[in-house]
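Look at the chain as a whole before turning to its parts.

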Amino acid sequence: MAGSDVAHDPQVKETPSGPSLWTAAFRLFFTARTTSLLGDAMLPVAITAAVIRAGYGASGVGYALAALVAPFAALIIFGGVLSDRLGARRLMVVSDMARLCSQAVLALLFLLGTPQLWQILVLLALIGAGSAIFQPGVASITPRIAQDVQKANATLRISESVTAVIGPSLAGLLLAVSSPATVVALDALTYGVSGACLLLLRSVPMGPVARDGESSFRADLVEGWREFRARTWLWSVIVVFMLWQLAGAGPTMTLGNSTLVTDYGASTFGLVMSSLGAGSVLGGIVAIRFRPRYPLRAGALSMIVWALMPLGVALGLPAPLIAGCYGVSGVGMAFWIVMFHTSVQTHIPQDVLGRVHAYDAAGSLVMKPVGQALAGPLALVAGTVPLLCVSATTALVACALLLAIPAVRGLKRVEG
């Protein structure tokens with residue numbers, strides 16, 4: 001079972017409350033993951049400023065951000081196969097070095113003058129592709145370096161929430177005192193730090209988990225799909241979340257954020273986003289302490305409060321109340337993410353974990369850009385408020401569906 005690799009690790013020290021999380025291996029992995037996330041959070045802000053300064057306008061920004069995200073969604077499944085075939089740590093180091101080089105070239109082009117738009121798009125696509133081969137390794141390595149997988153995931157979720165708040169703000173502050181090229185270059189260094197930490201993570205082999213016999217890339221791809229499809233609780237969650245992303249999260253991000261900026265102002269929008277980040281941190285702390293016997297059942301119940309996010313904007317509540325709604329929603333979302341990731345990492349065999357995680361990540365994300373793209377045109381026809389109410393209702397329906405599926409609500413926590 002995943003997680004058993006550390007059962008006799010001499011670095012794991014017992015404490016009165018159980019095995020210590022902060023082993024040398026976890027500290028290295030935490031540093032790698034946090035710096036990588038910080039780079040991911042800073043990059044959209046730096047690229048937006050650089051593209052606008054280069055004279056390509058809002059359309060250029062849209063193309064640039066799409067070039068960064070699209071390869072990730074398209075290639076993450078193949079990244080999962082490569083992670084299981086070649087070794088998660090090896091592929092993550094390669095990804096960090098590739099992103100470091102691509103982003104360094106991009107910074108150099110901005111420093112030397114005004115690069116062509118196609119050059120920007122190609123380099124951003126390479127960075128997005130690097131993220132696609134990095135992400136599956138996060139799921140594979142976590143249960144190999146932490147005996148308490150839930151606590152590890154909760155701690156990493158707290159880190160992700162903090163960097164999501166600090167990253168854009170840090171990029172903005174750096175842009176105020178330096179050029180976009182400098183910020184892109186400094187951002188590139190975060191991938192260097194991540195790669196160096198992963199190189200030092202000697203307790204996890206560079207190569208893949210031992211498997212019986214040889215197999216082709218296509219056979220590994222099919223095996224990953226078969227393992228994913230064989231678990232009703234897993235594919236059911238992804239199907240439900242495809243609905244939630246299409247009619248819930250996608251429209252809320254587009255219409256909710258736009259409404260906050262236009263009706264309340266940029267400062268209120270910043271306050272609300274900070275509240276969301278603080279709520280996510282609190283949700284991670286709760287997930288460290290609370291260990292439900294049925295994690296997906298508890299996670300689905302916690303997700304009910306997410307409906308407050310679109311509902312608060314739709315009702316036109318005062319800014320402090322909207323910030324409170326976003327904060328509470330962040331708690332519920334963070335708790336769900338920890339429960340789900342822990343369930344995947346402790347129920348899926350280590351030798352197929354990268355591929356299975358890639359399938360669930362791809363399925364979870366595929367409908368989000370569709371929902372975001374459709375929200376604007378639909379709002380012109382139906383109105384923003386009705387669509388935000390639909391988003392809130394969709395969230396409640398999604399939670400009800402998760403609780404109605406026996407395989408989801410009955411999935412038990414893996415002990416030890």
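What follows describes the overall fold, the annotated spans and one surface patch.

This is a predicted model, in which local features need pLDDT of at least 70, side-chain atom pairs count only at pLDDT 80 or more, and totals for chains, interfaces and linings use all residues. Residues are numbered from 1 along each chain as its sequence is written, and side-chain values use heavy atoms, with hydrogens and water left out.

The protein chain has 16 helices and two strands (DSSP runs numbered from the N terminus: helices are H or I, at least four residues, and strands are E, at least two). Its radius of gyration is 21 Å, close to the 22 Å from the globule rule for 416 residues, so the chain is as compact as a globular protein of that length. That radius is taken over C-alpha atoms, and the rule is 2.2 Å times the number of residues to the power 0.38. Of the 416 residues, 51% count as buried (under 20% relative accessible area; exposed is over 50%, partly exposed in between, with a 1.4 Å probe and protein chains only).

An unreviewed UniProt entry lists several spans as "transmembrane region", among them residues 264-288 and 378-405; such annotations may be inferred rather than shown by experiment, and their positions are given in the numbering used here, with feature names shortened. Residues 264-288 are 96% helix and 0% strand, with end C-alpha atoms 35 Å apart. For residues 378-405 the values are 93% helix, 0% strand and 31 Å.

Helix α14 covers residues 368-382 and contains Leu374. Leu374 counts as partly exposed because its relative accessibility is 44%.
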